[in-house]
Amino acid sequence: RYYNLKMWQQVLMGGSLITAAELLSGVFFNLYLRLSIWDYSYDKFNFLGQICLENCIYWYLLSVVIIWLDDVLSYYHYGEEKPASLLNYFKRLVTLQ
């Protein structure tokens with residue numbers, strides 16, 4: 001089911017999950033428990049000081065690397081098809097393949 005998703009769909013899911021995890025953990029640890037682990041309230045385009053647009057973009061880009069690493073590990077561990085280069089994964093994202 002997930003193997004049929006295009007790269008942009010996988011990146012959208014991955015980046016959104018990472019951002020949601022950051023928001024939920026930030027609300028719990030920083031706001032509820034008052035641990036002040038991180039604070040984005042001084043950054044532009046932040047939400048509750050727990051997530052910001054800049055880091056959100058980084059999470060989406062990091063998800064491309066994670067998808068590629070998953071494919072590399074599947075190749076070496078399960079003998080699946082050899083993945084293309086990491087640069088090729090970014091090309092697939094930009095061309096919406």
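Let's start with C56, which is buried at a relative accessible area of 16%. This is a predicted model, so keep that in mind throughout. C52 is buried as well, with a relative accessible area of 5%.

A disulfide is a covalent bond between the sulfur atoms of two cysteines. The cut-off for calling one is 2.5 Å between the sulfurs, and the 8.4 Å from the sulfur of C52 to that of C56, its closest cysteine sulfur, is too far for a bond. Searching the whole structure turns up zero disulfides.

## Overall layout

Now for the chain as a whole. The protein chain has three helices and two strands, and reading from the N terminus the elements go α-β-β-α-α. The radius of gyration is 16 Å, while the globule rule gives 13 Å for 97 residues, so the chain is more spread out than a compact globule.

As for dimensions, the C-alpha atoms fill a box of roughly 45 × 30 × 20 Å along the principal axes. Of the 97 residues, 23% count as buried. The chain exposes about 7400 Å², with carbon and sulfur atoms supplying 65% of that area. On the contact side, take the pairs of residues at least 6 apart in sequence: 46% of those contacts join residues at least 24 apart.

## Inside helix 2

Helix 2 covers residues 53–78, and V72 is found in it. V72 is buried, with a relative accessible area of 16%. Its C-alpha atom is separated by 9.0 Å from that of A84, a residue 12 places away along the chain.

S63 is another residue to look at in helix 2. Is S63 buried or exposed? At 3% relative accessibility, S63 counts as buried. And what is S63 in contact with, once its neighbours within four places in sequence are left aside? The list is V11, G14 and G15.

Helix 1 spans 7–32 and strand 1 spans 46–47; L35 is found in the loop between them. R34 has its place in that loop too, and F45 is also found there.

R34 has a positive phi of about 60 degrees although it is not a glycine. F45 is a residue other than glycine as well, and its phi is positive, near 55 degrees. Both side chains can be looked at from the solvent side: R34 is exposed, with a relative accessible area of 67%, and F45 is exposed at 66%.

## A nonpolar patch on the surface

Back to L35, this time for its neighbours. Which residues form a nonpolar patch on the surface? They are F28, F29, Y32, L33, L35 and I37, and together they have about 610 Å² of accessible area. One of them, L35, is the loop residue between helix 1 and strand 1 mentioned above.

Conventions. Residues numbered from 1 in each chain as written. Predicted model: local features only at pLDDT ≥ 70, side-chain atom pairs only at ≥ 80, totals over all residues. Heavy atoms only, no water. Patch = residues over 30% accessible without salt bridge, like charges linked within 9 Å, V, L, I, M, F, W, Y side chains within 5 Å. Areas by Shrake-Rupley, 256 points an atom, 1.4 Å probe, with all protein chains shown as cover. Salt bridge = Lys/Arg side-chain N within 4 Å of Asp/Glu carboxyl O. Helix = DSSP H or I, 4+ residues; strand = E, 2+ residues; numbered from the N terminus. Buried < 20%, exposed > 50% of the residue type's maximum accessible area, 1.4 Å probe, protein only. Rg over C-alpha atoms; globule rule 2.2 N^0.38 Å. Contact = heavy atoms within 4.5 Å.
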